[in-house]
Amino acid sequence: MEAVDATAYTVPTDAPEGDGTLAWESTTLVVVRAHSGATTGLGYTYGSPATVQAVEQHLAGVVTGRPVWDVPAANEAMHRAVRNTGRPGLVAGALSAVDIALWDLKARLLDLPLTRLLGACRQEVPVYGSGGFTTYDDDRQDRQLRAWVHGQGIPRVKIKIGGSWGGDAERDRERVIRARRSIGDTAELYVDANGAYTRKQAVRTGVFLAEAGVTWFEEPVSSDDLTGLGQVRAAVTADVAAGEYGYTLPYFHRMLAADAVDCLQADATRCGGITVWLRVAALAEAAGLQISGHCAPHAHAHAAACVPNLRHLEWFHDHTRIEQHLFDGVLDPHGGTVRPGEAQSPGLGLTLRTEAAERYRV
Ligand SMILES: [Mg+2]
């Protein structure tokens, strides 16, 4: 590998977005490019524009000059190099984006789709529509959910609940009932509280979620509260899911050891890239659980096709909008699955649309 560079693009949302515990009006995509001769690999993460400095100052020098074929060795070298900088959070995002770029580069050098390089378990990867922000009014939520289920035929969708840190139970209930009405009786309905509730609030919420046929209750309490996740899991009928803030492999081991979740989530753009995401999937498999890819769907699609215990990928409104706008080669979720590798493009099959991206460059 001869050089690694990074660029941040901050893209305004198409409407104010928020969940149970945070609100935002823009999202920053950080694109990493790894170069070998005339070939360039592309990886990315979502996070702070400061991720660019983390790549440039702490990681680029570690991977430059290494053999392009040995991605796990480069990943391990980056992991060791940031011991004192602090791996979780922003640095993990930077490391993950570099790792993804290295996998993309290797596959491009071999002229293979990444699914071929890794070895696929499946051709089709299920996705679920994810949005339903607490900041949306009823009409916007209805239009978004209908577009996924009735427009694109995606038979599973997720909305955010727990607005105002779980302070408005009546509105949560109304929004869930409206969501069920929008999608009909047969589509799966998921909710994500982003850690907004207390333990008992989450259990009480679980009662009306069951009435609305909700089958996925994400982060009912904070992911830091493994005991609480486990208690809610034991008390509600929906599957409890968490894992999006996992920045290291042992985090996922602890979550599984605590019996905290029914389905493990992991984010390849945070947990250490595709290298570590595949290991997280193996941990989940050994615990008898499925894995679901969190956000950034195009960073996950190929890896997701290569694990046997995949549940699905999150077709997150905020990220799919950016990826469709800024990348050529995006996947089509019609019918509720994507087919990574089908186009036979090498690597992840993505190309940055540099002209479209330029106006968002930080
Ligand atoms: Mg979530």
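In the predicted model, Asp-267 and Arg-270 form a salt bridge (a side-chain nitrogen of Lys or Arg within 4 Å of a carboxyl oxygen of Asp or Glu), with 3.9 Å between the closest N and O atoms. Both Asp-267 and Arg-270 are buried, a class that denotes under 20% relative accessible area, as against exposed at over 50% and partly exposed in between (1.4 Å probe, protein chains only). Residues are numbered from 1 along each chain as its sequence is written. Because the model is predicted, local features need pLDDT of at least 70 and side-chain atom pairs count only at pLDDT 80 or more, whereas totals for chains, interfaces and linings use all residues; side-chain values use heavy atoms, with hydrogens and water left out.

A further salt bridge links Glu-188 to Arg-156, the closest N and O atoms lying 3.7 Å apart. Glu-188 belongs to strand β6 (residues 188-192) and Arg-156 to strand β5 (residues 156-160), so this pair ties together parts that are 32 residues apart in sequence. Strands here are DSSP runs of E with at least two residues, numbered from the N terminus. Glu-188 is partly exposed, at a relative accessible area of 30%, while Arg-156 is buried, at 14%.

The side chains of Glu-358 and Arg-361 also meet in a salt bridge, with an N to O distance of 3.0 Å. Glu-358 is partly exposed at 42% relative accessibility, and Arg-361 is likewise partly exposed, at 47%.

Key:
Helix = DSSP H or I, 4+ residues; strand = E, 2+ residues; numbered from the N terminus.
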